[in-house]
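Reader: I have a model open and want to learn how to read it. Can we go through it feature by feature?

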Amino acid sequence: MMVGSTALSSARRPIVGSIYRTRAFHTRCPQPTPVLGTSLASHRKIHQRDSCFSRAPAISFRAMSQGNVHALAKEGFNVGSELYDRVRPSYQASALAHIRQAVRSSPPFNVVEIGAGTGIFTRALLRHPDWANSIKELRAVEPSAGMRKVFTETVTDPRVSVREGTFDTTGIEDGWADLVVIAQAFHWCPDYDKAASEFARILKPDGIVAFIWNLEDRNRAAWVAQLRDRIEQHESGTPQFRLGLWRATFTTPSYVAKFEPPEENVWDYVLEGTRDIVVDRACSKSYIAVLGPEDKQKVIDDIDAVLKRQDGLVWTDKEKGIFEYPYQTFLVISRKK
């Protein structure tokens, strides 16, 4: 759910030869030291259970929500949906392949995408070689009218439809889906137990939920840490992914009763970055999109100052203003019992 320049297409591809690996990830747990020299062709995989689950905070943001949709998300993503679609990065092919391998039923698959936003993940799935001919029908569920408008303009595959709905009110019939996927959205969920119950209801036996996020990696470049420090000042107490509040899902009664323990992986990589990509991506954050003109310009000015300092910035083509933009893709797979 809810992330302009000529460099957009290249900004959605990993730089060949960059650090690229997968590992289990731990929110609130010590992060392992990055493995240097790992190439795109020989990335490393580590599969293990996350001991952080038992410590996930039981926090809900119901009081901050309007109905089933968070107020800030509703406003920010309605006003910024076109920018979001234009500048947010797509999803790593290896992560999409991992989801395909996790689905145990036979194709073609029925897919439900909740919080589908403008269709960034949908388009990536439809063009992926493991998925292109494996989907029977994909039903997207999205609460934002602005996001749904862009979705219908950018996703034209006849197998795909989009409807209004939320995490716990999808309108999908019982036992229909082989896969439920939620990209860049589940941290906004207002009721984790109800959501887990809804996922279980619409999934076939042994079906899976895939939760996936992209996030700038503040640990691999000082300038990214400075960027995140600056924009995070405007989060206003919202349940952002980085806080890990969504992990409370995995200890709710509905989840424990109906799903296996979650399996997690992280992909580390770099994308192409430019000044415009960094600024536009920051402005596509819901909490920046809702700022007034003066406050938003101050954010932009401060981002320019961060980039001017170049702390830890690695140029790939200085003449063209292109540099490495460290990112991570986080994937959680939950299988219905």
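Author: We will take the features in turn, from the cores to the backbone. Keep in mind that this is a predicted model.

Reader: Start with the cores. Which residues have the most contacts inside the largest nonpolar core?

Author: First the general idea. In soluble globular proteins, nonpolar side chains tend to be buried together. Now the case here. The largest nonpolar core has 56 residues. Those with the most contacts inside it are I99, V111, F121, W131, W223 and I303.

Reader: Take I99. What is it in contact with, leaving aside neighbours within four places in sequence?

Author: I99 is in contact with F121, W131, L179, I208, A210, L331 and I333. There is also a second, separate core, with 33 residues. It includes F167, A177, A185 and F199.

Reader: A210 makes me look at its surroundings. How far is V332 from A210 in sequence and in space?

Author: V332 and A210 are 122 residues apart in sequence. In space, C-alpha to C-alpha, they are 5.7 Å apart. V332 is in strand β11, residues 322-335. Its relative accessibility is 0%, so V332 counts as buried.

Reader: Now the rings. How many aromatic pairs are there?

Author: The count comes to 20 aromatic pairs. Read a pair by two values: the distance between ring centres and the angle between planes. Planes over 60 degrees apart count as edge-to-face. F167 and F186 are such a pair, at 5.4 Å centre to centre and 85° between the planes. They link distant parts of the chain, 19 residues apart. F167 is in the loop between β6 and β7, and F186 in the loop between β7 and α7. Both F167 and F186 are buried.

Reader: What is the geometry of the pair F211 and F250?

Author: F211 and F250 are edge-to-face too, with 6.1 Å centre to centre and 80° between the planes. This pair also links distant parts of the chain, 39 residues apart. F211 sits in strand β8, and F250 in the loop between α8 and α9. Both F211 and F250 are buried.

Reader: Next, charged residues inside. Is E216 buried or exposed?

Author: Check the relative accessible area: under 20% means buried. E216 has 4%, so it is buried. E216 is found in strand β8.

Reader: Which side chains make polar contacts with the side chain of E216?

Author: The side chain of R228 does, at 2.9 Å. The side chain of K285 does as well, at 3.2 Å. Look also at what E216 touches beyond four places in sequence: V224, R228, K285, Y325, P326 and Y327.

Reader: How do I read a helix? Which residues of α6 are buried?

Author: Go along the helix and check accessibility. In α6, residues 145-154, the buried residues are G146, M147, R148, V150 and F151. Then look at the end. S144 caps the N-terminal end of α6. A side-chain oxygen of S144 lies 3.4 Å from the backbone nitrogen of G146.

Reader: Which peptide bond is cis?

Author: The one from P107 to P108, with omega near 5°. P108 lies in the loop between α4 and β4.

Reader: What is the phi of D206, and what is that of S236?

Author: D206 has a positive phi of about 70°, although it is not a glycine. D206 is in strand β8. It is partly exposed, with a relative accessible area of 31%. Phi of S236 is near 55°, again a positive value in a residue other than glycine. S236 lies in the loop between α8 and α9. S236 is exposed, at 56% relative accessible area.

Technical notes
Residues are numbered from 1 along each chain as its sequence is written. Side-chain values use heavy atoms; hydrogens and water are left out. Buried means under 20% relative accessible area, exposed over 50%, partly exposed in between (1.4 Å probe, protein chains only). Helices (H or I, at least four residues) and strands (E, at least two) are DSSP runs, numbered from the N terminus. A polar contact is a pair of N or O atoms within 3.5 Å; within protein, one must be able to donate a hydrogen and the other to accept it, and residues adjacent in sequence count only if both atoms are side-chain atoms. Rings of Phe, Tyr and Trp (its six-membered ring) pair if their centres lie within 6.5 Å; planes under 30 degrees apart count as stacked, over 60 as edge-to-face and the rest as tilted. A nonpolar core is a set of buried Ala, Val, Leu, Ile, Met, Phe, Trp, Tyr and Cys residues joined through side-chain atoms within 4.5 Å. Contact means heavy atoms within 4.5 Å.
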